[in-house]
Amino acid sequence: FPKIFLHSFHFNLQYALFETWAPSICSLFLMYTGTNPVPQNIDLIYCTAVKAWCDLCSVSPGGIAGGIEICITFPTEYVKTQLQLDEKANPPKYRGIGDCVKQTIKGHGVRGLYRGLSSLLYGSIPKSAVRFGVFEFLSNHARDEAGKLNSTRGLLCGLGAGVMEAVVIVCPMETVKVKFIHDQSSAKPKYRGFYHGVSEIIRTQGVRGTYQGLTATVLKQGSNQAIRFYVMTSLRNWYKGDNPSKSINPVVTGTFGAIAGAASVFGNTPLDVIKTRMQGLEAHKYKSTLDCAVKIMRHEGVRAFYKGTVPRLGRVCLDVAIVFIIYEEVVKVLNGIWKTE
């Protein structure tokens, strides 16, 4: 199964990048850098790079650390999702974060706070591989002659990475997670586990059922990574000053990552709320992403677009800090093993 998954992942990633998104991304880079980031032997180069990166992530401490981080912080993700799904009612189902936790534990035990965890665990490693693999690929062609990546180009690289991870990994992963969490709050839960739930979704809705809210997910993940990499690039350049070879302590990297994560939370939580609604069990009520946004505004007001901000802030800050620390350390190791020009 892991080999089948990896081969499928390699093919889907290559197809999505080069057949769907590459023209747009390359056009942006031609506009801002004046160079074409796609060499003639791109298929061989990219497939080899992605395979090496995926194989590395599958056995590295980074994959383990990511899994542990998700297990620790997932209850905040669960609470955030429930609050975002809780449409305005009289009275609403949950009165706040504490009440959501209390009701979940009362009805389903502590285990209920981990409903939907499996989809994030299975998707965390390939998601990181796509995100940082695409970012590295794009940023290597966006640096100036001194090897420096400015903030604007860092934003574009992050945007490309976010769009790619949304299409290849995040949309189906998030759709399954949201459906599982929403299902638990229904009168008669119908999903008995990860494989049963996924098979039921595909049986009743087809593969398309795992790709609900794709537009909102692309907007959310694209803006997520654009903001995070913009902030990280800006902070790195500020910290290094005129010395691009200056090393950054992991604690400093973690701090920068937490700041970048917080910036993305405050910058695009409305898109996260729309995405969650579009992926819930009642997504059929919305004709499109725009229709969902209009209905939320009309019936619940502006405040509804910021539901779940506090629990999301806690998880994202820790998540981004850990991921960037691991990423920087893995890059150091790789640079020591494989010398490049």
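## Tyr195 and the aromatic pairs

Tyr195 counts as exposed because its relative accessibility is 57%; here exposed means over 50% relative accessible area, buried means under 20%, and partly exposed lies in between (1.4 Å probe, protein chains only). This is a predicted model, in which local features need pLDDT of at least 70 and side-chain atom pairs count only at pLDDT 80 or more, while totals for chains, interfaces and linings use all residues. Residues are numbered from 1 along each chain as its sequence is written, and side-chain values use heavy atoms, with hydrogens and water left out.

How many aromatic pairs are there? The count comes to 12, where rings of Phe, Tyr and Trp (its six-membered ring) pair if their centres lie within 6.5 Å, and planes under 30 degrees apart count as stacked, over 60 as edge-to-face and the rest as tilted. Tyr239 is partly exposed at 25%, whereas Phe256 is buried at 7%.

## Arg115 and its surroundings

Let's look at Arg115 next. Arg115 sits in the loop between helix H4 (97-108) and H5, and is buried, with a relative accessible area of 18%. Arg115 lies over the face of Phe180, 5.5 Å from the ring centre; a charge sits over a ring if NZ of Lys or CZ of Arg is within 6 Å of the ring centre and within 35 degrees of the ring normal. Phe180 also belongs to a cluster of ring pairs with Tyr122, Tyr191, Phe194 and Tyr195.

The side chain of Arg115 reaches the backbone oxygen of Phe180 at 3.0 Å.

## The nonpolar cores

In soluble globular proteins, nonpolar side chains tend to be buried together. The largest nonpolar core has 38 residues, and Phe74, Phe135 and Phe324 touch the most other members. A nonpolar core is a set of buried Ala, Val, Leu, Ile, Met, Phe, Trp, Tyr and Cys residues joined through side-chain atoms within 4.5 Å. The largest share of this core, 8 residues, comes from H5. Another core, of 10 residues, lies apart from it, with Val273, Ile274, Met278 and Phe305 among them.

## Salt bridges

Which residue forms a salt bridge with Asp272? The partner is Arg312, with the closest N and O atoms 3.6 Å apart; a salt bridge is a side-chain nitrogen of Lys or Arg within 4 Å of a carboxyl oxygen of Asp or Glu. Arg312 lies in helix H11 and Asp272 in helix H9, so the pair ties together parts that are 40 residues apart in sequence. Arg312 counts as buried at 3% relative accessibility, and Asp272 counts as buried at 0%.

A search of the whole structure finds 17 salt bridges. In another of them, Glu77 pairs with Lys80, with the closest N and O atoms 3.1 Å apart. Both residues lie in helix H3, 3 residues apart, about one turn of the helix, and both Glu77 and Lys80 are buried.

Terms used: Helices (H or I, at least four residues) and strands (E, at least two) are DSSP runs, numbered from the N terminus. A polar contact is a pair of N or O atoms within 3.5 Å; within protein, one must be able to donate a hydrogen and the other to accept it, and residues adjacent in sequence count only if both atoms are side-chain atoms.
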